[in-house]
Amino acid sequence: MPMAIRSVISPRSNRDLPLSPDPQDKHLMETDYSRKAKLLIELVNDLRKLGGNQFNLDIPCMAFIGNQSAGKSSVVEGATGTVYDPKQVEIWLKRAQAAILSPDTKPEEFHAKTSDDIKALRASMLPFSLNTIELLVRDPDGTDLCFVDLPGIIQHHPTNPAMVPFVKDLVTRHIKKKNTLIVVTIPMPDEIDNQEAFQIASQVDPKGLRTIGVGTKPDMVGSGSLSLQKTWKNILEGNEWKLKHGYYCVKMPDDRERQKNSTKREWEKIEADFFDKKEPWKSISDRSRFGMRNFVENTSKLLVALIETNLPTIQRTVDELLDSEKKKLKQLPPRALQGSILGTLDKDFIHRNQKRYGAFKGEIQRTAPALQASWRSGHEHAQDAIFLDDIRETIGSHLTWELPDYIPFDATKQFILQSVQHWEAPLLRCSSTIYQNTLGLVRALISKPEHFGRFAELDAFVRNIVEEESESCQDQASTVLKKIFDMENGVPLYTANLDVYHQERNKWLNSVNASHKPQWNDELKVMADIHAYFQVSSSRFIDYIVLCIEQEWHHKLVGRLQERLIERIPTLSREQLDAMLREDPEISARREIITQRIEQLTKIKARLLDYEKEAARNAWVVNKVTCAP
């Protein structure tokens, strides 16, 4: 049952499988390069977890491929390290495989299953899957690396012939991406041109720009196989079967050697002694091509450089995808009631309300005090006009034992509140009109066939709920509107908008002072105060009333109606009700998918920005090594 297994060596992971500690192996860990490598490896792992592969971001990766019995598993084990208890790794891998191949069973049901339990379930499992299992290994002294371990290429299968092409397709699918480094394990006793894994790699990477060869089982190349020795000597020296990043040669322990439980450093010494003493390996000048340690460290540098080089492309792609998904979301038909309330669907509804708000503004402005900067003559009897006589008389009526030239504030307040008292009637008329406009819209939407109109009993039921909820919501909105009016129609008279207040006051005084005598200054100053405060407070009142109606009436009504309908219709499922109340199921599904993609891309973008900030703080410099020609 082939499937890709992604292995990640992550010094920062704390939930993973422990390796044999080797405190002496810290020459890479202590460098700036190694610290940056950790962050980059963590970054690409997080991008995959956040769904980066779903968006075809072509996140750099390294893939291990090889024919069956090519020694690939040993190379993967060597790259990963020596796990304390391999049996624990094996059983958890089996459990993960079983969970993936049993999609109808909850994953947690496999947590305690034994190998025998899993074997008994084999017949009910899917034969194969394209999903991957991610294995995180924490090695405090290891080199940062992440890779995909793909199934070995097979020539036949005893029970399921379809497995042969499936495995090849699985391998090809993973290695054809241009930012995937392809590690091909090749058993050295065999002819290289007979390795199908190498042929597949050559098909997707014909120039060998991103393929890395790893020769395995060098101890099985006999001393008498001179032609084979010569061929591999030429390959390792870069003279045959050329690849940009060349070939490596590793010698992994066999079963008998594994039983000795040697440490990583002890095995590195055994491996190094073999290559230093055996022909033709000891005569090859480039010693960096031998040993698992050299292979891991060099390929890690290639992978890290590839990740760093491609980060700008990934970031640009994420930005483009995010913009595209947002545009798609905007193009979807908006939800009926919400779309009409917000003006994204029914423009006429918004236009009617805006026209009414404009009329309300005019009504309030017309309540401005009719200030006349002159004395009342005998024939002037305008009821609403306020003359200098009126101001002087009111000032006098509020005087008690004040010092000379003192103007009681109560005189100013009296004239201001006389105007504010006239604001309540326009407020009630405006809110009543908006309430009726909204209810008319809701009733019209209910009657439409795509909502409740084609269900007579449901239509009546819903209308009753709408009337109940709208009445309650209207009462609450009206209470808030009344509070806003009461704040203006009482004390204190206050504004923090002093710039506008002083500007209006001075403008009014400048318009009348040129033609009046100084002895009238007290009355004119009171008039200027009345005018300035009215301009500030009336503008504030108009804005607050409109915002209050929109928030306390429209937005709350939409939420209340949906909640109450869901509570009051027990015979319908939530899904059925949502479909009738909101939109066509197909559009709803598209909306949900796009919304999820936007959320994923937003998280990916945030993760990329986090890395940028960390890199900027440390100002790392890494030599660029790319897979491009």
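## Surroundings of glutamine 229

Leaving aside its neighbours within four places in sequence, which residues is glutamine 229 in contact with? In this predicted model, the contacts of glutamine 229 beyond those neighbours are Val221, Gly222, Ser223, Glu279 and Pro280.

Glutamine 229 lies in helix H7, which covers residues 226-236. The relative accessible area of glutamine 229 is 11%. Because buried means under 20% relative accessible area, glutamine 229 counts as buried.

## The chain as a whole

The chain has 629 residues, and 47% of them are buried. Its secondary structure consists of 20 helices and 10 strands.

Among contacts in the chain with a separation of 6 or more, 78% are between residues 24 or more positions apart. The chain has an accessible surface of about 33,100 Å², and carbon and sulfur atoms contribute 51% of that surface.

## Packing of helices H12 and H15

Two packed helices are described by the angle between their axes and by the distance between the axes. For helix H12 (residues 347-365) and helix H15 (residues 424-447), the angle is about 175° and the axes are 9 Å apart. Angles over 145 degrees count as roughly antiparallel, and H12 is therefore roughly antiparallel to H15.

On the H12 side, the contact is made by Phe349, Arg352, Asn353, Arg356, Tyr357, Phe360, Glu363 and Ile364. On the H15 side, the residues include Pro426, Leu427, Arg429, Cys430 and Thr433. By class, the contact of H12 with H15 comprises nine nonpolar, four polar and four charged residues.

Methods:
Residues numbered from 1 in each chain as written. Predicted model: local features only at pLDDT ≥ 70, side-chain atom pairs only at ≥ 80, totals over all residues. Heavy atoms only, no water. Helix = DSSP H or I, 4+ residues; strand = E, 2+ residues; numbered from the N terminus. Buried < 20%, exposed > 50% of the residue type's maximum accessible area, 1.4 Å probe, protein only. Contact = heavy atoms within 4.5 Å. Areas by Shrake-Rupley, 256 points an atom, 1.4 Å probe, with all protein chains shown as cover. Axes fitted to C-alpha atoms, helices over the stretch in contact; angles between N-to-C directions. Parallel < 35°, antiparallel > 145°, perpendicular 65-115°, else oblique. Nonpolar A, V, L, I, M, F, W, Y, C, P; charged D, E, K, R; others polar.
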